[in-house]
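The questions below are meant for someone meeting this structure for the first time. Each answer works towards the value or name that was asked for.

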Amino acid sequence: MASRAVVIGPAAYATGSGIDSHPSIGESARMYGEVLAGDAMWGAESCRVLGHGEVQRADGVMRALQEAADETEPEDIFLVVYVGHGQYWSDLPGAQVHFSVGSSHKNEPWTWLSSWYVYRVMRRARAKLKVLIADCCYSNLLPQLGEEPVLPGVLGELDEGTCVFTAVKNANFASAEGCSALPGDLAGCTPFSGHLLRVLRDGTKDHEARLTIGLLREAVKQEMESCAAARHQVPRMSLNDARDGTPLFTNRMESTRRDRAPSLPVAPEDWVRTLMLDRDSRLEDLLRDERKTGDVVAILSSRTDDASRLLARHIDARANKRFSEPRAFARYWNQVEKALRV
Ligand SMILES: [Zn+2]
């Protein structure tokens, strides 16, 4: 195993660059390193927080990313964390979100790092799960969630196993200073990273011993929605085809303080609700019952929203593979068809 995490957090910019320096960026990057080092699934040797010199130029960042990507194997996770400023120039050919590096200047696009380069390295890495956590302005323009995931600009698609989890920010970095509801060092991080790091460091009450990206998203969302100190913009996940079931962090809350494992859903509607939250962790249980699987796919197919339809397709693909025995497949398909005819 050679899972790799690279943390990029350029905190300081030249006077006259037009870009604000924020200690909270550097503090967030440092804390990602500390928290990942303390996670048994990662450890200090799997995680690298890029130094001041490395984040000065796109070249330094990309070399470090490429090196880490090259070390990953097909069973691994490749995690990239970016904390900093984002910028988006719609008048550039193949417009992309650009990430700031230490030498960036506000109105000089060529001094920034195009997110295209970051995706390219991620796409080509051999790791089975690739995750980008982006805490920057314009991160809302990073890959959009949809039936056909659309990236602004030249990169038409993300490959299977890639996932983007972002803070929602529009134009400015007004909330760069920390959230006062967070304890200790986390209060010095940006609000999104601070809340996310608290979930990673202290765990969540969910009964699972390890966190998938879906569970992490839910926990961070809940934290930020119920934060007493501020009304945060709630993060979003542009999730493409990441295998949701792959855990990537340890749930560090003691098991006695966590909720008890819920019993399996019974009614098809309950299954739909459960799978919408986390599409893979209980899917195996559903697939033991061909008829019920059919009922669930039928409900999802009758809905008009993208997320339901994507999930229907996902389950249907798994069902087609699983129910290779003709009678089993007929039991499944009868239920789907019955509902589609109505
Ligand atoms: Zn907060």
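Q: Is F329 buried, partly exposed or exposed, and what is its relative accessible area?
A: This is a predicted model, in which local features need pLDDT of at least 70, side-chain atom pairs count only at pLDDT 80 or more, and totals for chains, interfaces and linings use all residues. Residues are numbered from 1 along each chain as its sequence is written, and side-chain values use heavy atoms, with hydrogens and water left out. Buried means under 20% relative accessible area, exposed means over 50%, and partly exposed lies in between (1.4 Å probe, protein chains only). F329 is partly exposed, with a relative accessible area of 27%.

Q: How many aromatic pairs does the structure hold, and what is the arrangement of F329 and W333?
A: Rings of Phe, Tyr and Trp (its six-membered ring) pair if their centres lie within 6.5 Å, and planes under 30 degrees apart count as stacked, over 60 as edge-to-face and the rest as tilted. The structure holds eight aromatic pairs. In the pair of F329 and W333 the ring centres are 6.2 Å apart and the planes are at 10 degrees, so the arrangement is stacked.

Q: Which helix holds F329 and W333?
A: Helices (H or I, at least four residues) and strands (E, at least two) are DSSP runs, numbered from the N terminus. F329 and W333 are four residues apart, and they are therefore separated by about one helical turn. The helix that holds them, residues 326-341, is α10.

Q: Which residues do ring pairs link into a cluster?
A: W333 is partly exposed, with a relative accessible area of 33%. Ring pairs link W333 with other aromatic residues, and the cluster consists of F323, F329, Y332 and W333.

Q: Which residues of the largest nonpolar core touch the most other members?
A: A nonpolar core is a set of buried Ala, Val, Leu, Ile, Met, Phe, Trp, Tyr and Cys residues joined through side-chain atoms within 4.5 Å. The largest one has 36 residues, and those touching the most other members are Y32, L79, I133 and F249.

Q: Which elements are included in what covers the buried residues of α1?
A: The buried residues of α1 include I25, M31, Y32 and L36. The helix has 15 residues and reaches 21 Å from its first C-alpha to its last, close to the 21 Å expected at 1.5 Å a residue, where the expected span is 1.5 Å times one less than the number of residues. What covers its buried residues includes β1, β2 (47-49), β3, β7, α4 and β11.

Q: How many of the twelve residues of α4 are buried?
A: Among the buried residues of α4 are P191, F192, H195 and L200. The helix is largely enclosed by the rest of the structure, because the number of its twelve residues that are buried is nine.

Q: Which residues does D206 touch, not counting residues up to four places away in sequence?
A: D206 lies in the loop between α4 and β9 (210-212), and it is partly exposed, with a relative accessible area of 24%. With contact meaning heavy atoms within 4.5 Å, and with residues up to four places away in sequence not counted, D206 touches L215, N251 and R258.

Q: How many disulfides does a search of the whole structure find?
A: A disulfide is a pair of cysteine sulfur atoms within 2.5 Å. C179 is buried, with a relative accessible area of 3%, and C227 is buried as well, with a relative accessible area of 12%. The number of disulfides found in the whole structure is zero.
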